[in-house]
Amino acid sequence: REGGMVLVRVHTLEDELCSVEVEAGCMGRQLKETIEEATNWVELVCTQCLALGVSAIRDDQVVDFNGEETVFVMMTRQPLPAKIFYRPVGEAKETQQKALALAMRRFASSPVVLEVPWHGLVFGTGQEEVEAIYSEQTERLRQENPGKDMNFEHRALDWERFECCLPWKYVAGVATDDIIAVLALQSTCMLIGDGHSSAAAVLLLKDGRLLAATAFIDEASGLVNYGSIIVSATFYADTCEMLFDALPSFAQAMSEPMTRDWLKESDGDAREMEKFLHPWSVQVHAADLHSWTVGWWPREEDSVDRFEVGKEGLPNMPLMQFKPAFPQSLLKPLCDLRDIRQALQASLHEVLSTCCTSKGKGKGGRGKGKDADAKDQRPFSEAISLFKAKLAEKLSELALTQEKEVKSLDPYLDKLEQTGPPESIDYDFQTRFSTCFHTWETDVVFGFGRTSVEV
């Protein structure tokens with residue numbers, strides 16, 4: 001019949017699920033959304049398969065009620081899209097369940113993928129199309145590298161593994177305890193101790209908000225004394241509509257399914273990169289990520305032979321255009337400190353070679369092992385005096401153009417001098433030096449004692 005309302009009685013194979021009223025000319029998608037609301041957001045739109053008589057009800061078609069005022073619709077359930085949930089759908093608090101249901105309307109098809117190409121691993125969604133795309137990439141790599149095992153092994157990314165697969169504290173600025181669902185994830189990681197990694201995600205938080213996050217990770221960066229630098233950008237949205245309105249290109253790229261376009265070779269110079277301006281919030285973090293970069297998968301399952309330097313994952317992953325660049329306001333001052341750090345290291349090396357036996361050279365780096373030419377360990381006061389003299393000599397020219405930066409070393413030199421009695425010969429000079437000067441760069445650029453800064 002034309003216009004008016006239709007009573008739809010929804011049945012499953014077990015019993016009657018609910019009854020809803022909809023307009024006679026409604027779309028299949030509208031009917032599913034009405035059922036979702038009537039079931040307290042438990043029967044998600046993306047899992048509903050509806051049939052009226054022998055005809056399936058499609059989202060993009062007007063439902064033909066054949067002029068009836070009351071109709072019976074059969075509902076079966078398809079599997080939930082491959083996401084990562086803190087707890088099973090339907091067991092969350094009602095407000096969280098509503099937020100999840102509304103978010104899944106927009107992110108039902110988005111992949112959850114974390115690739116570690118150099119180790120031949122892909123974690124995350126088990127969708128057949130995703131596996132097919134990686135199989136296609138495997139075949140291409142095998143053709144380019146005859147005789148090498150270039151397979152990508154797929155592994156599940158459950159909640160336990162999700163918590164440690166990325167340094168979320170820095171990538172998203174939240175603890176994993178605050179997250180109830182990973183709606184979308186695109187990530188590619190080297191995980192070799194001194195490589196680069198990138199990640200972009202849309203997360204649903206326990207307070208019902210959506211968090212968009214993207215980050216670039218520089219492991220073992222020479223800019224911060226071989227700690228790691230994470231440049232992250234985040235945005236909080238109360239609803240999906242707010243997210244898509246504020247960040248249309250990012251939200252669209254993260255919500256779309258994976259396609260074979262991800263396999264295309266991409267010209268990085270031609271790619272239009274996201275400009276991380278308002279409403280994005282951009283932070284730069286300096287952190288020790290050693291426990292993450294050494295690998296968080298079960299090591300005993302992995303073969304050394306798997307490791308392939310330069311092995312590509314999916315080169316055209318949309319993530320690539322959403323990597324936040326290192327802000328110039330921080331990059332330049334950190335670069336300006338590199339010559340001073342080199343002077344520090346060169347002065348340290350001379351002291352270790354002149355005043356210290358293997359005992360005073362620490363357990364790693366240049367001081368490792370017995371030096372046959374080293375003199376007996378000299379008193380700490382001699383080592384300090386030599387270090388200061390060598391450093392002053394090497395900094396004499398730099399002080400003409402970087403007086404403020406050179407002057408910033410004074411408190412750290414004082415701290416080093418106070419680490420032991422002058423007459424002591426029982427000391428580890430390298431370890432004391434590392435302890436005193438470890439955070440010098442970030443103290444100067446970020447502010448004393450700070451490891452993060454918002455730009």
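One term before we click: buried means under 20% relative accessible area, exposed means over 50%, and partly exposed is in between, with a 1.4 Å probe and protein chains only. This is a predicted model, where local features need pLDDT of at least 70, side-chain atom pairs count only at pLDDT 80 or more, and totals for chains, interfaces and linings use all residues. Residues are numbered from 1 along each chain as its sequence is written, and side-chain values use heavy atoms, with hydrogens and water left out.

**Stop 1: K32 and its surroundings.** Select K32, which is buried at a relative accessible area of 8%. D59 sits in the loop between strand 4 (55-56) and strand 5 (70-77) while K32 is in helix 1, so the pair ties together parts 27 residues apart in sequence. Helices (H or I, at least four residues) and strands (E, at least two) are DSSP runs, numbered from the N terminus. D59 itself is partly exposed, at 29%.

Next, pick R29 and E33, whose side chains meet in a salt bridge at 3.2 Å, N to O. They are four residues apart in helix 1 (residues 28-38), which means about one helical turn between them. R29 is partly exposed at 26% relative accessibility, and E33 is too, at 22%. Now show R29, K32, E33, E36, E37, D59 and R105 together: a network of salt bridges links them.

**Stop 2: E441 and R341.** Here is another salt bridge, 2.8 Å from N to O. E441 is in helix 16 (residues 440-446) and R341 in helix 10 (residues 338-355), 100 residues apart. Both are buried. Across the whole structure, a search finds 23 salt bridges.

**Stop 3: helix 11 against helix 15.** Select 380-395 and 429-437; the axes of these helices come within 12 Å and cross at roughly 55°. For the contact (heavy atoms within 4.5 Å), show F380, A383, I384 and F387 of helix 11 with F429, R432 and F433 of helix 15.

**Stop 4: helix 7.** Which residues of helix 7 are buried? Select 248-255 and look for F250, A251, A253, M254 and S255. These buried residues pack against several elements, including helix 2 (94-107) and strand 11 (196-205).

Notes. Axes fitted to C-alpha atoms, helices over the stretch in contact; angles between N-to-C directions. Salt bridge = Lys/Arg side-chain N within 4 Å of Asp/Glu carboxyl O.
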